[in-house]
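Student: I have the sequence and the coordinates open. Please go through the model with me in questions and answers.

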Amino acid sequence: MSIQLKVGQRIKELRKQLGLSQEALAYEADVDRTYMTDVENGRRNISIKNLEKIIKALKVSFTEFFNNKEFKKV
């Protein structure tokens, strides 16, 4: 599985835990809704700057974000 897809799936998982729509998360992160859709579906190579904005909007730290079984696989 590509890193883009892993990141996208993690964003989607955390977004759903918060009960947010893609549109609401995109608004909170100050990114376009269509961009958020592409990120969640692994179609974007997200920048660190945008990843930081999204992680902040998800109200987690980078450590919490990457503390997931998919990121621990070698």
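Student: Is Lys59 buried or exposed?

Tutor: First, the ground rules: this is a predicted model in which local features need pLDDT of at least 70 and side-chain atom pairs count only at pLDDT 80 or more, while totals for chains, interfaces and linings use all residues. Residues are numbered from 1 along each chain as its sequence is written, and side-chain values use heavy atoms, with hydrogens and water left out. Buried means under 20% relative accessible area, exposed over 50%, and partly exposed in between (1.4 Å probe, protein chains only). Lys59 has 64% relative accessibility, so this residue counts as exposed.

Student: Where does Lys59 lie, and how far apart in space are Lys59 and Arg15?

Tutor: Helices are DSSP runs of H or I with at least four residues, strands are runs of E with at least two, and both are numbered from the N terminus. Lys59 lies in the loop between helix 4 (48-57) and helix 5 (62-66). Lys59 and Arg15 are 44 residues apart in sequence, and their C-alpha to C-alpha distance is 9.8 Å.

Student: Which radius of gyration does the protein have, against the value for a compact globule?

Tutor: The radius is taken over C-alpha atoms, and the globule rule is 2.2 Å times the number of residues to the power 0.38. The C-alpha atoms fill a box of roughly 35 × 25 × 20 Å along the principal axes. With 74 residues, a compact globule would come out near 11 Å, which agrees with the protein's 11 Å.

Student: Why is helix 3 described as largely enclosed by the rest of the structure?

Tutor: Helix 3 spans residues 33-40, and its buried residues are Tyr35, Met36, Thr37, Asp38, Val39 and Glu40. These buried residues pack against helix 1 (3-18), helix 2 (22-29) and helix 4. Helix 3 counts as largely enclosed because the number of its eight residues that are buried is six.

Student: Which residue with a positive phi follows helix 3?

Tutor: The phi in question is near 70°. The residue that follows helix 3 with this value is Gly42.

Student: How many aromatic pairs are there, and which residues form the aromatic cluster?

Tutor: Rings of Phe, Tyr and Trp (its six-membered ring) pair if their centres lie within 6.5 Å; planes under 30 degrees apart count as stacked, over 60 as edge-to-face and the rest as tilted. By this rule there are four aromatic pairs. One aromatic cluster is formed by Phe62, Phe65, Phe66 and Phe71.

Student: What is the geometry of the pairs that Phe71 forms with Phe65 and with Phe66?

Tutor: Phe65 and Phe71 have ring centres 6.1 Å apart and planes at 35°, so this pair is tilted. Both of these residues are buried, whereas Phe66 is partly exposed at 30% relative accessible area. Phe66 and Phe71 are 4.8 Å apart centre to centre with 75° between the planes, and this pair is edge-to-face.

Student: Is Glu70 buried or exposed, and which residues does Glu70 touch?

Tutor: Glu70 sits in helix 6 (residues 69-72). With a relative accessible area of 17%, Glu70 is buried. Contact means heavy atoms within 4.5 Å. Not counting residues up to four places away in sequence, Glu70 touches Met1 and Lys6.
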